[in-house]
Amino acid sequence: MDIELFFQQLANAISLGSLYALIAIGYTMVYGILRLINFAHGEIFMFGTYIAFYAMTSFLLPWGGAFLIAIVLTVIFGLLVERAAYKPLRNSPRMSVMISAIGTSFLIQNLAIVIFGGRPKSFPVPDLFNTVIHLGNISIVSITFITPIITAIVLVFLLYIVDKTKTGMAMRAVSKDYEAARLMGIDVNWVITITFGIGSGLAAIGGIMWGLKYPSLLPMMGLMPGLKCFIAAVIGGIGNIRGAVVGGFLLGLIEIMLIAALPALTGYRDAFAFVLLIVILLIKPTGIMGKNIAEKV
Amino acid sequence: MKKILSLLMLGVMVISVGCAGTKPEDSNPIDEGADAGKVIKIGVFEPMTGANAAGGEMEVEGIRLANELYPEVNGMKVELVIADNKSDKVEAANAATMLIEKENVTAIIGSWGSSLSIAAGPIILDAQIPTVGASCTNPLVTIGNDYYQRVCFIDSFQGTVMAKYAFESLDAKKAAIIQEISSDYSVGLVKYFNDAFIALTNDENAIVGTANYSTGDQDFSAQLSNIKKLDADVIFAPGNYTESALLIKQARELGITTPIIGGDTWEAPEFLEIGGEAVEGAAFSTFFTSDVPITKESEVFLNAYREKYDKEPASVTALGYDAYIVILDAIKRSGSTDPVKIQEALAQTVDFEGAAGMISLDINGDAIKSAVIKKVENGVFKYMATVDPIK
């Protein structure tokens, strides 16, 4: 691989990795605070992308407004999902909530087929995100620069909320000990609502960026990115927001470099991501940046 | 106690499954001779959802239109039973089983996508239900399967056509390949293209590189960056229209200016919508063009279609239409509702006038037909040339 091709592949990897990172943050945030793997995250992501699509094509809104509306509606949608599928199970074993999450994920997918239709839709891409920049022989689409910037902004914003604000303190308290937090007068339901709202908003942002990069929408589009970003979150240490970003970039880099260096193995791209998940779980279950805390029983 | 109870339950279940298995033979005596006024069911298994949904929908449009124009055969009303195979190989087998066992269909049409047709093949052969594929072009669909035939040409021909186009019209000496490795259709077509292209250029090394991707992939940047380095004169990238449109878009973004050509699956409105300006100039082979009606049936089909949908039909719509009328013709000639007798008649189809050309089925059950080359120009598929079959 010559140096030029290497840098082109590196640009490709950053482009894909930053998307993974952006979606993985939402995954990891919900897990970190609620100890719930939200398998419906991919479907909330899909919902957000479709809303942005309809806002732009059917209601002819400018893209900025469309994206904002998509984020707001997706947050509301995420909260409804939480209210309907997770809240009634708040005091049930964790396994019940997880099964409920998987069920919700299938339900939303199939509803989307009925409502949005099974044929792929083309996401309109504004020029700002679609400009090709040439650096010598390396071509980079502008979205490759925009996604990491958004990921960075989201990361800083979340770290600020979690580490510096009172709400963040409540979130951390809930994640440490749910019952004790309640006894200390923290409104646990409200904290969960906020967490879910932020998580869904992140899913919407991730979905829109995904749609801008890969402009074909399908009701099943959330499935693979959802699983990949789950893997990214586990690699980084699930529950750790910085770890999710590292995990996302790492997964993107590994995927692209695998194809670049060993083209014959391309067909195993997705399988490889899952092998990586198994290896991480066997060797370092807490992930790269996860802390080694004994799980309380 | 619990153990005994569960054993008892198991016993009950085994017995009930056994009963369910024998039921259809008891309750469905085939009553020939009293066909008038009866309903004959034709099953359709097509992708109505998922990545191939546009292809399935276009074929079903043609099948429905044919059913509206010819709703009866031998005095029996023809009822279409449509099953969604969800663009998935496992679901394709399920859909075929459902049509045969639950709906008791007499014949089957489908499916868009050779992989899906191949997946259903063994079930159809076991049940001995005559099946006509509309646009599945992989040779393996019909080889070794006496109950599967099709109204389109096969990939050994299509691959040759595209190799010839690349060599003669695009003046290409070196070709790069990007194939959908999990699709029988794409891999098969690539093989025939490679053979033909190497023969035409008389150069063992005419294929400079091959890249793979899987069905459902959305990111092709790594593969394309590798391909870009190879400096090929043409890129042959047959595959599903969704993936292909994204692939061509990303290729252009990476600064690849090489012509990209493909196969019949590209002819879907989604290819143009998702690809946008990037797919301008993309050329592919397909079955039919509405610009040059071939037969009298073409006129009938085109008039009816234009009146109903107020647009131009896709090739696969014409083929869906043909698959239906070919089956109807076989039922008429056999004068029976027995699937085996219908199959006998179907296999003898010679010079039958279809909307997308004359249909003669060869020994494998494949139609021998000419191919059409189309190219994307100003956001529409434009007819370029007709290539006659190799005799």
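In what order do the strands of the open six-stranded sheet of chain B run? The order is S2-S3-S1-S4-S5-S6, and the pairing is mixed. The points below concern a predicted model.

1. **Edges of the six-stranded sheet.** Strand S2 (72–73) and strand S6 (148–150) of chain B are the edge strands. Each of them pairs on one side only. S2(B) is joined to strand S3 (residues 76–84) of chain B by two bridges, in the antiparallel sense. Within that pairing, Glu72(B) has Lys77(B) in S3(B) as its bridge partner.

2. **Two backbone points to check by eye.** The peptide bond between Gly110(B) and Ser111(B) is cis, with omega about 5°. Ser111(B) lies in the loop between strand S4 (107–109) and helix H4 (114–127) of chain B. Gln128(B) is not a glycine, yet its phi is positive, about 55°. Gln128(B) sits in the loop between H4 and strand S5 (131–133) of chain B.

3. **The seven-stranded sheet.** Chain B also has an open sheet of seven strands. Its order is S8-S7-S9-S10-S11-S14-S15, again with mixed pairing.

4. Strand S7 (residues 175–180) and strand S9 (residues 234–236) of chain B run parallel. Three bridges join them. Ile177(B) has Phe236(B) in S9(B) as its bridge partner.

5. **Extent of the A–B interface.** How many residues does each chain bring to the contact? Chain A gives 33 residues and chain B gives 33 residues. The two chains bury about 2,700 Å² between them. Carbon and sulfur atoms account for 50% of that area. On the chain A side, Arg119(A), Pro120(A) and Tyr214(A) lose the most area to chain B. Together they make up 23% of what that side buries.

6. **Polar and charged pairs across the interface.** There are 13 residue pairs in polar contact between chain A and chain B, counting pairs with both residues at pLDDT 80 or more. The salt-bridge rule finds five across this interface. One joins the side chains of Arg119(A) and Glu57(B), at 2.7 Å from N to O. Arg119(A) is also among the residues of chain A that lose the most area to chain B.

7. Several elements of chain A each supply at least two residues of the side that touches chain B. They are helix H1 (3–34), strand S1 (121–122), strand S3 (138–141), helix H9 (188–213), helix H11 (241–261) and helix H12 (269–283). Which element gives the most? H1(A) does, with six residues. By residue class, this side of chain A divides into 15 nonpolar, 11 polar and seven charged.

8. **Salt bridges overall.** Over all chains the count comes to 23 salt bridges. Lys229(B) and Glu4(A) form one, with their closest N and O atoms 3.0 Å apart. This pair crosses between chains. Lys229(B) is in the loop between helix H7 (221–228) and S9 of chain B, while Glu4(A) belongs to helix H1 of chain A.

Definitions and conventions. Residues are numbered from 1 along each chain as its sequence is written. Chains are lettered from A and ligands numbered from 1 in the order in which they are written. This is a predicted model: local features need pLDDT of at least 70, side-chain atom pairs count only at pLDDT 80 or more; totals for chains, interfaces and linings use all residues. Side-chain values use heavy atoms; hydrogens and water are left out. Two strands pair if DSSP finds at least two bridges between them. Helices (H or I, at least four residues) and strands (E, at least two) are DSSP runs, numbered from the N terminus. Contact means heavy atoms within 4.5 Å. Buried area is the accessible area (1.4 Å probe) that two parts lose on being put together, summed over both. A salt bridge is a side-chain nitrogen of Lys or Arg within 4 Å of a carboxyl oxygen of Asp or Glu. A polar contact is a pair of N or O atoms within 3.5 Å; within protein, one must be able to donate a hydrogen and the other to accept it, and residues adjacent in sequence count only if both atoms are side-chain atoms. Ala, Val, Leu, Ile, Met, Phe, Trp, Tyr, Cys and Pro count as nonpolar, Asp, Glu, Lys and Arg as charged, and the others, Gly among them, as polar.
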